[in-house]
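User: Could you walk me through how to read a few features here? I'm new to this one.

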Protein chains: 2
Amino acid sequence: MKKAVVLLSGGLDSTVTLAHAISAGYDVVPLTIRYGQRHARELKAAKDVVAFYKLKNHVLIDLDLSSFKTSALISREIDLPERASSGEIGLEIPVTYVPSRNIIFLSIAAGLCESVSAEKIFIGANSLDYSGYPDCRPEFFEAFEKVLKVGTKKGVEGASIKIETPIVLSTKADIVRMGKRLGAPLHLTWSCYRGGEKACGRCDSCLLRLKGFYEAGFEDEISYEARA
Amino acid sequence: MKKAVVLLSGGLDSTVTLAHAISAGYDVVPLTIRYGQRHARELKAAKDVVAFYKLKNHVLIDLDLSSFKTSALISREIDLPERASSGEIGLEIPVTYVPSRNIIFLSIAAGLCESVSAEKIFIGANSLDYSGYPDCRPEFFEAFEKVLKVGTKKGVEGASIKIETPIVLSTKADIVRMGKRLGAPLHLTWSCYRGGEKACGRCDSCLLRLKGFYEAGFEDEISYEARA
């Protein structure tokens with residue numbers, strides 16, 4: 001059976017990506033990287049999703065990025081933007097950008113692939129609805145595959161690790177529809193940048209999620225403090 | 001003043017690389033990544049080297065790679081090779097290979113560069129004497145620079161992070177000579193794969209180091225249990 005490492009944050013996008021990898025017949029190894037982010041609530045979601053699929057091999061890796069002070073997602077010294085202050089979503093790189101996050105995540109996933117003999121990494125990156133992060137674009141993933149070809153044992157041995165980005169060009173509505181079609185547990189996922197009991201309904205991530213559900217014509221079953 | 005992140009393990013190669021970056025006029029940010037390796041002794045060396053240069057900004061990042069079971073450097077279930085069992089050094093990828101280690105290290109260094117507004121990463125990788133790791137070769141670093149160009153905020157903004165590998169084509173003897181010329185504290189460095197009080201003098205890393213000092217015509221001032 002083909003084996004793949006799937007980066008799973010516990011958010012909507014990575015959960016739909018996991019559902020896709022499973023439906024495509026992969027023996028999946030879910031990988032969650034705890035990097036000291038504010039929204040630790042997401043980690044609970046990741047564990048709930050793994051339990052939903054009855055997977056026994058969830059790999060959790062701790063990485064302390066508290067030295068990276070520029071990102072609002074890990075530093076408490078920077079305020080999170082709300083809608084009014086952040087301008088149009090996706091037009092500029094927001095302060096929630098974690099420096100080189102997907103580069104770091106893919107690197108660790110690649111190491112795990114070598115460790116467990118997996119042939120692919122699935123990552124739920126999205127270049128349309130994902131607020132303009134440079135490490136979510138197709139040309140980034142192509143460049144990274146080249147690194148894996150020349151820089152890993154598997155690559156040198158002719159069995160280079162491939163990166164699959166099944167939702168990279170999807171709208172949030174497409175992702176919701178895909179998740180519904182695959183029976184993914186969207187009700188267990190967490191997208192809010194804040195870590196409260198309920199999703200805030202106001203941060204960029206909540207707004208994109210709510211718009212996606214609305215446009216796809218489905219009800220978002222998680223609880224919100226408020227809705228825009 | 002130009003700023004650079006320097007990956008510093010506390011070994012000979014990274015210490016000479018740090019000395020090079022300082023002598024080239026960089027405001028250096030030494031970065032040491034603690035990834036659960038056996039030779040924690042190296043970390044003491046890194047701190048001693050930083051103290052030698054009176055640097056106040058040593059960044060230590062913890063990354064738990066204990067899920068990567070295939071490498072002898074982080075797993076206790078795999079025996080370290082001694083000379084007789086490992087064949088000729090450098091002809092095949094050894095069990096001490098940590099999957100994707102330099103990919104992971106460069107990724108974290110790139111994030112730190114973005115965080116502290118540094119323009120370069122210095123890494124003491126070496127493709128000649130470094131036991132055949134694929135992520136120590138020049139083509140790997142070129143591919144990684146491409147990733148940084150398309151996948152980071154700095155890259156997208158036209159100020160892409162560069163990777164400097166000043167000793168990538170040097171022999172170990174060249175590295176020792178360069179360190180001596182730059183006044184680097186080679187006596188504080190640690191290369192042994194084992195974590196004892198004294199260096200073992202028998203592992204691949206000790207053998208390469210001793211050969212380098214011998215060929216360069218200098219005495220290695222650290223203590224050894226035994227010498228081949």
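User: Which strands does helix 1 of chain B lie across?

Analyst: General idea: helices (H or I, at least four residues) and strands (E, at least two) are DSSP runs, numbered from the N terminus. Contact needs C-beta atoms, placed from the backbone, within 7 Å. Here, helix 1 (residues 12–23) of chain B lies across strand 1 (3–7), strand 2 (27–34) and strand 4 of chain B. Helix 1 runs at about 170° to strand 1 of chain B; axes are lines fitted to C-alpha atoms, for helices over the stretch in contact, with angles from 0 to 180 degrees between N-to-C directions. Keep in mind this is a predicted model: local features need pLDDT of at least 70, side-chain atom pairs count only at pLDDT 80 or more, and totals for chains, interfaces and linings use all residues. Residues are numbered from 1 along each chain as its sequence is written, while chains are lettered from A and ligands numbered from 1 in the order written.

User: What order do the strands of the open sheet in chain B have?

Analyst: Strands pair if DSSP finds at least two bridges between them. In chain B, five strands make an open sheet ordered 3-2-1-4-5, with parallel pairing. Strand 3 and strand 5 (162–164) of chain B are at the edges with a single partner strand each, so one side of each has no neighbour in the sheet. On average, neighbouring strands are turned by 25° against each other, direction ignored.

User: How many bridges join strand 4 to strand 5 of chain B?

Analyst: Three, between strand 4 (residues 120–122) and strand 5 of chain B. Look for Phe122(B) opposite Glu164(B) in strand 5 of chain B.

Note on methods: Two residues are in contact if their C-beta atoms, placed from the backbone, lie within 7 Å.
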